[in-house]
Amino acid sequence: MKILSIVALAIIGVSFAMVIRPYRPELAMITAIVTSLIIILYITADLSGIVTGLHGLAERYAVNTEIIGVLIKIVGIAYLAQIGAKICTDAGESAIAAKVEICGRILILASAMPTLIATLGAASALLTSLTP
């Protein structure tokens with residue numbers, strides 16, 4: 001199972017970082033970042049399968065594929081912002097971590113605005129057509 005490999009890699013990375021932290025704290029942080037990147041790269045094949053599956057569902061049920069693209073973009077922004085904030089927090093920079101989280105939320109809102117506007121326009125047109 002992939003999760004066993006991921007957990008084993010994480011334990012090895014954390015153990016290595018803990019051993020070298022007293023002597024070289026900057027190297028311990030780099031070790032944590034590299035371990036995180038390796039784990040993320042390890043799972044990207046599965047992510048592409050999920051994206052393909054979502055596009056297949058969109059085509060099957062006649063959902064606009066732009067909506068799926070926006071959804072994937074929003075999830076990606078959320079994950080990247082969370083990972084970036086956690087790295088900043090681990091480095092002892094909680095103020096910067098808070099800014100990364102806020103920027104992630106703003107980017108999510110900005111990404112969702114076109115879809116929200118289109119949805120409100122469709123709802124308005126529907127309500128207008130129903131009123132006598």
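Start by selecting Ala62, which you will find in the loop between H2 and H3; helices here are DSSP runs of H or I with at least four residues, numbered from the N terminus. Is Ala62 buried or exposed? Ala62 is exposed, with a relative accessible area of 72% (buried is under 20%, exposed over 50% and partly exposed in between, using a 1.4 Å probe and protein chains only). Show its backbone too: Ala62 is not a glycine, yet its phi is positive, at about 55°.

A word on what you are viewing: this is a predicted model, in which local features need pLDDT of at least 70 and side-chain atom pairs count only at pLDDT 80 or more, while totals for chains, interfaces and linings use all residues. Residues are numbered from 1 along each chain as its sequence is written, and side-chain values use heavy atoms, with hydrogens and water left out.

Now colour the chain by pLDDT, the predictor's confidence in each residue, from 0 to 100. The chain has a mean of 90, and 100% of its residues reach 70 or more. Confidence is highest in helix H1 (residues 2-20), with a mean of 94, and lowest in H2, at 88.

Next, select H1 and H2 together. Their axes come within 8 Å and cross at roughly 170°; axes are lines fitted to C-alpha atoms, for helices over the stretch in contact, and angles run from 0 to 180 degrees between N-to-C directions.

Zoom in on Thr35, in helix H2 (residues 25-60). Thr35 is buried, with a relative accessible area of 13%. Leaving aside neighbours within four places in sequence, which residues does Thr35 contact? They are Leu9, Ala10 and Gly13.

Stay with this pair and pick Lys2 and Tyr42. The charged end of Lys2 sits over the ring of Tyr42, 5.1 Å from its centre (the criterion is NZ of Lys or CZ of Arg within 6 Å of the ring centre and within 35 degrees of the ring normal).

Move on to helix H3 (residues 65-90) and helix H4 (residues 94-130), which pack at an angle of about 175° with their axes 8 Å apart. H3 and H4 are therefore roughly antiparallel to each other. Among the residues making this contact are Val70, Lys73, Ile74 and Ile77 of H3 and Ser111 of H4.

Centre the view on Ser111 in helix H4. Ser111 is buried, with a relative accessible area of 12%. Beyond its neighbours within four places in sequence, Ser111 is in contact with Val70, Lys73, Ile74 and Ile77.

For the last stop, select Ile83 in helix H3. Ile83 is partly exposed, with a relative accessible area of 31%.

Note on methods:
Helices (H or I, at least four residues) and strands (E, at least two) are DSSP runs, numbered from the N terminus. Contact means heavy atoms within 4.5 Å. Angles under 35 degrees count as roughly parallel, over 145 as roughly antiparallel, 65 to 115 as roughly perpendicular and the rest as oblique.
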